[in-house]
Structure formats: C-alpha cells, structure tokens
Amino acid sequence: MPVAAEPPPTEPPTRSARPLDVALRIGGGVVAIWAGLLAAVLELIFATWAWEVMKGRPGGLAEGVVGTSLAVGGIAAVVVLTVLVGWFAHAVVGTRWAVVLPALSWFLVVVAGSVKTTEGDLVLTGDNVIGLGMIVAGAVTFAVLGFRQLVVPPAVD
C-alpha cells in the first residue's frame, strides 16, 4: 500500500481575514439574489415575446418549426440559466442552502408577472404555453438543485 506524504498543516485564518470573508459571502449572496431576479425578468420578457411571435404567425411548416424552436430553446435556456445562478449562489455564499437566495427572488418576480395590475397589464397570461413551461422548468430546476445540495454530503478536502 503506497503511503503518501501528508501535506504541511495550513495556518488558521487570522482574525482580520474572518470579517472580510463574511463580507464577501454577504456580498455574494446579494449578487445571487439580484441574479435570480434578473434571470426571472429576462425569462418573462422572452416568454412574452416568444408567445407573441408564435401567436402572430399563420399556419405552415416553417412557422411551426420557428415556434417550436423558440419554445424548446427558451425552456432549455431557463434550465441552464437556473443551474448557473444556483451554482453561483452555492459557490459564493459557501453554504448548502444558498440556492434559496436566487430561488426566492426568482419566484417573487414570476408571481408578480402573473398577477394583473390595476391598469390591467399582465405579463404572463394563462394561455402562454411557453411561459407556463418556463415556470415549470425553473421551479423544477431550483427544486432539484436545492435537493441535491442539501442531500449530497459535502466534499472532503
């Protein structure tokens, strides 16, 4: 059995480094919250635009392909963006529950987009299939990320 040499012990962080680390983690958490908010706004804008493109096109094979590619591409983009935002939150905050920060801001924006204003404006309508697919894809992706980060034991360095 090979015996590897033990690495030299590292020095514990100094007292002055600890407040800086906490400040950076808090700042990273704030950035993660804003990233979740921005992701939701961009997804709502895209869902509304893509649905208008799909509704405005007359029937035909080419128009159907464009509409389907917008829907599939948009939902894939939501999953990728949600994974990136969740990973970023976990990396900068350094805790297993960090995915909750962007997820909450994302959910708040999506809920706000689906509620009619006093002027009658509604970003996410009930017949917008792309928007509904994006809501499901984003919610499921955040749920899977959160479950995975909470259940999987942390890596031992």
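How many cavities of 30 Å³ or more does the structure hold?

## Basis

This is a predicted model, in which local features need pLDDT of at least 70 and side-chain atom pairs count only at pLDDT 80 or more, while totals for chains, interfaces and linings use all residues. Residues are numbered from 1 along each chain as its sequence is written, and side-chain values use heavy atoms, with hydrogens and water left out.

## The cavity

The structure holds one cavity of 30 Å³ or more (on a 1 Å grid over the protein atoms alone, a set of points where a 1.4 Å probe fits but cannot get out). About 50 Å³ of space lies in the largest cavity, a volume being the space filled by probe spheres set on the points, which are joined across faces, edges and corners.

Its lining (residues with an atom within 4 Å of a point) includes Glu-43, Trp-106, Val-110, Met-134 and Ile-135. Helix 1 (17–56), helix 3 and helix 4 each give two or more residues to this lining (helices are DSSP runs of H or I with at least four residues, numbered from the N terminus), and the largest share, four residues, comes from helix 1.

## Helix 3 against helix 4

Helix 3 (residues 100–113) and helix 4 (residues 129–151) pack at an angle of about 160°, with their axes 11 Å apart; axes are lines fitted to C-alpha atoms over the stretch in contact, and angles run from 0 to 180 degrees between N-to-C directions. The two helices are therefore roughly antiparallel, the term for angles over 145 degrees.

In this contact (heavy atoms within 4.5 Å), residues including Trp-106 and Val-110 of helix 3 meet residues including Met-134 and Ile-135 of helix 4.

Conventions
Angles under 35 degrees count as roughly parallel, over 145 as roughly antiparallel, 65 to 115 as roughly perpendicular and the rest as oblique. On a 1 Å grid over the protein atoms alone, a cavity is a set of points where a 1.4 Å probe fits but cannot get out, and a pocket is an open set with protein on both sides within 12 Å along at least five of seven lines; lining residues have an atom within 4 Å of a point.
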